[in-house]
Amino acid sequence: INNDACSITESNCGNLSCNCLGINCENCRIKLFNEKMNFKNKIINLLVVIIFIMTTTGFKYIDKFDEDTHKELEEIRGNDEEIKDRFYSSLEFGTAGLRGILGPGTNRMNYLTVGKTALALAELIDSLGEDAKNKGVVIGRDIRHQSYEFSILTAKILAEKGIKVYLFPGITPTPLLAYSIRYLKTISGIMITASHNPKNYNGFK
């Protein structure tokens, strides 16, 4: 590390394997380009894995990977910022439940996000025993995009675990869902809504 050439190289381009003395070195530009391509390939591989999970036995509750999702993913091809925003993290619960923009991605509201959440709740209730499963879960929804589909998916996942499900036949105000938990004495209740958020959002409460 006391060699002058190495010290200069490190301060100028950060590539200790290169003997250049400046930031315009072709070798360093190639290295940076390859690093960027490797990151993009990792994102693409992640997309492929998620699509595989959503369309095979990982989520047998989902009938198909629809054409709209294919189209939306094609539209963001090459858009690194958009891809990163959709996949840099998983959507998390907050004080108002789980809510986010609709669309493909681990940081979006979609079949995968709702399915994982419903499955986690189902496994928790299952671990509490038959009494908890027999008490059941009541599910309500609003009129937002995909609220109906998310409520059906959630009901299927709970039912397959042997949990009794009460599913409202139409749109439901959130206070009615809360009242129904007490009236039916269920172990839990789920409301598919994003409340006051913009129309391109949905949520799981």
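This report describes a strand, a nonpolar core and a helix in a predicted model.

## Strand β4

Strand β4 is paired with strand β2, which comprises residues 137–141. The two strands run parallel and are joined by 5 bridges. Within this pairing, R141 stands opposite I192 of β4.

## The largest nonpolar core

In soluble globular proteins, nonpolar side chains tend to be buried together. The largest nonpolar core of this model contains 22 residues. Those with the most contacts inside the core are M109, V137, F150, L158, I190 and F204. Two or more residues come from each of α5 (111–127), β2, α7 (147–160) and β4. Helix α5 gives the most, with 6 residues.

M109 illustrates these contacts. Leaving aside residues up to four places away in sequence, M109 touches several residues, including L91, L98, I101, L102, V114, F150 and F204.

## Helix α7

Helix α7 has 14 residues, which at 1.5 Å a residue should span 20 Å. The C-alpha atoms at its ends are 20 Å apart, in agreement with that expectation.

The buried residues of α7 are S147, F150, S151, L153, T154, A155, I157 and L158. These residues pack against helix α5 and against strands β2, β3 (165–167), β4 and β5 (201–204). Just after the helix, G162 adopts a positive phi of about 85 degrees.

Conventions
Residues are numbered from 1 along each chain as its sequence is written. This is a predicted model: local features need pLDDT of at least 70, side-chain atom pairs count only at pLDDT 80 or more; totals for chains, interfaces and linings use all residues. Side-chain values use heavy atoms; hydrogens and water are left out. Two strands pair if DSSP finds at least two bridges between them. Helices (H or I, at least four residues) and strands (E, at least two) are DSSP runs, numbered from the N terminus. A nonpolar core is a set of buried Ala, Val, Leu, Ile, Met, Phe, Trp, Tyr and Cys residues joined through side-chain atoms within 4.5 Å. Buried means under 20% relative accessible area, exposed over 50%, partly exposed in between (1.4 Å probe, protein chains only). Contact means heavy atoms within 4.5 Å. The expected span of a helix is 1.5 Å times one less than its number of residues.
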